[in-house]
Amino acid sequence: MNKTILITGGAGFIGSHLLHHFVKCYPNYQIINLDKLTYAANPTFIADLENFPNYTFEKVDLVDSGAVEELFHRYRIDNIIHLAAETHVDRSISGPMEFVMTNVVGSVNLLQAAKKFWLAKRCPGRFYHVSTDEVYGALGEEGSFNEESGYAPNSPYAASKASSDLFVRAYANTYGLPVVISNCSNNYGPNQHPEKLIPLVIRNICQGRPIPIYGKGNNVRDWLFVGDHVEAIDRIFHKGRRGQIYNIGAENEWRNIDLVRMLCSFMDQKLGQKEGRSQALISHVKDRLGHDERYSIDCRKIKEQLAWQAKTSFLRGLEKTIDWYLARGFTREEAVCEDQKSVLV
Ligand SMILES: NC(=O)c1ccc[n+]([C@@H]2O[C@H](COP(=O)([O-])OP(=O)(O)OC[C@H]3O[C@@H](n4cnc5c(N)ncnc54)[C@H](O)[C@@H]3O)[C@@H](O)[C@H]2O)c1
């Protein structure tokens with residue numbers, strides 16, 4: 001069936017992988033990529049999609065409600081997969097307002113446009129909101145979050161995502177908007193911004209810089225390869241039940257310090273250097289304010305109801321990620337330029 005799908009945040013990390021998947025696997029879908037192109041975007045990763053007749057890019061800020069409505073007019077959008085967001089917890093701590101504007105106001109602008117254009121025409125489309133496990137807050141050593149867990153966000157980022165989830169829920173209950181929400185654990189893979197842990201470690205090793213670890217590094221995260229998340233989004237978009245929430249996780253929990261040590265060892269092998277050289281770069285720094293101790297996702301619902309589960313082993317996923325950055329990203333040449341810059345400054 002033909003669909004016109006608005007994917008927001010398609011120039012970012014997860015959105016760019018999702019676009020490659022949807023544009024190439026579903027040639028009968030018209031895909032509109034709405035993105036403001038903030039510092040987090042990397043349009044070169046999706047540049048080849050410009051050659052596909054079913055793909056269009058629109059540089060739009062979600063906070064601009066008029067521009068968002070204009071897209072609905074122009075393209076007759078009948079489905080939305082909403083990923084655009086400010087996503088870095090540290091930035092949300094130093095500047096929360098940007099997160100309120102994009103993640104809350106921007107999401108409500110999108111809901112308003114969908115309500116205005118869809119409900120008047122009884123459009124049977126879907127408003128799919130992509131969210132995070134961080135909305136549930138932190139766990140101790142035991143237990144996992146399921147779809148019934150209460151919201152207890154601890155960082156301004158998590159609070160802004162929780163708020164957008166609640167608005168999506170309210171638009172479903174109040175106006176009958178056909179929504180679905182997913183809450184996913186930490187992603188990793190090619191094309192992630194180097195402010196995030198795994199690419200940051202790879203970059204700093206390449207450049208011989210210290211690898212900062214918050215506190216003792218005991219915080220636990222569940223790591224999912226981005227390609228597996230894209231498959232989950234596809235499954236939920238096509239088969240998920242209206243009004244439902246699905247948790248997505250990899251059942252792959254690691255303490256930050258153990259993950260970084262493993263990456264160091266991998267990088268020593270890849271760079272052909274003596275084992276232990278990268279680990280020597282590890283530098284413990286003052287802990288992040290309100291740092292959540294542990295996230296863990298119970299993803300039985302999506303496994304049982306939609307027959308999805310993570311397929312990529314952590315070792316394979318990390319290898320693909322490292323190879324991508326070494327081949328296209330953090331080359332030694334870049335390291336030289338960066339170092340020269342810091343000397344000049
Ligand atoms: N990365 C993860 O580990 C993870 C895990 C679970 C859920 N999520 C969620 O998935 C979504 C995508 O995350 P990501 O890591 O790919 O993010 P990202 O930071 O890599 O990309 C975000 C994209 O949104 C765009 N954007 C930001 N503000 C905008 C605005 N006002 N208008 C239009 N576009 C704007 C940016 O230009 C960028 O291309 C987010 O909603 C995030 O909360 C991410």
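Biologist: Which residue has a backbone N or O atom 3.0 Å from a nitrogen atom of the ligand?
Modeller: This is a predicted model. A pair of N or O atoms within 3.5 Å counts as a polar contact. The pair here is 3.0 Å apart, and its protein atom belongs to the backbone of Lys-36.

Biologist: Which residue has a side-chain N or O atom 2.7 Å from an oxygen atom of the ligand?
Modeller: Look at the side chains now. Lys-161 has an N or O atom 2.6 Å from an oxygen atom of the ligand. The distance of 2.7 Å belongs to the side chain of Tyr-157.

Biologist: How much of the ligand's accessible area does the protein cover?
Modeller: Start with the ligand on its own. It then has 840 Å² of accessible area.

Biologist: Which element gives the most to the shell around the ligand?
Modeller: In total, 29 residues surround the ligand. Elements that give two or more of them include helix 1 (13–25), strand 2 (29–35) and helix 5 (156–175). The top contributor gives three residues, and it is strand 5.

Biologist: How many residues of the shell around the ligand are charged?
Modeller: Sort the shell by residue type. It has 15 nonpolar and 10 polar residues. The charged ones number four.

Biologist: How much space lies in the second largest pocket?
Modeller: First, find the place. Residues closest to the centre of this pocket include Glu-147, Arg-169 and Gly-243. The space in the pocket is about 370 Å³.

Biologist: Which element gives the most to the lining of the second largest pocket?
Modeller: The lining has 15 residues. The top contributor gives five residues, and it is helix 5.

Biologist: How many residues of that pocket's lining are charged?
Modeller: Sort the lining in the same way. Six residues are nonpolar and four are polar. The charged ones number five.

Biologist: How many strands are there in the protein?
Modeller: Count the elements by kind. The protein has 11 helices. Its strands number 12.

Biologist: What is the radius of gyration of the protein?
Modeller: Take the overall span first. Along its principal axes the C-alpha trace covers about 65 × 45 × 40 Å. A compact globule of 345 residues would have a radius of gyration near 20 Å. The protein agrees with that, because its own value is 20 Å.

Note on methods. Residues are numbered from 1 along each chain as its sequence is written. This is a predicted model: local features need pLDDT of at least 70, side-chain atom pairs count only at pLDDT 80 or more; totals for chains, interfaces and linings use all residues. Side-chain values use heavy atoms; hydrogens and water are left out. A residue is near a molecule or strand if one of its heavy atoms lies within 4 Å of it. A polar contact is a pair of N or O atoms within 3.5 Å; within protein, one must be able to donate a hydrogen and the other to accept it, and residues adjacent in sequence count only if both atoms are side-chain atoms. Accessible areas come from the Shrake-Rupley method with a 1.4 Å probe; for residues, only the protein chains shown count as cover. Helices (H or I, at least four residues) and strands (E, at least two) are DSSP runs, numbered from the N terminus. Ala, Val, Leu, Ile, Met, Phe, Trp, Tyr, Cys and Pro count as nonpolar, Asp, Glu, Lys and Arg as charged, and the others, Gly among them, as polar. On a 1 Å grid over the protein atoms alone, a cavity is a set of points where a 1.4 Å probe fits but cannot get out, and a pocket is an open set with protein on both sides within 12 Å along at least five of seven lines; lining residues have an atom within 4 Å of a point. Grid points are joined across faces, edges and corners, and a volume is the space filled by probe spheres set on the points. The radius of gyration is taken over C-alpha atoms; the globule rule is 2.2 Å times the number of residues to the power 0.38.
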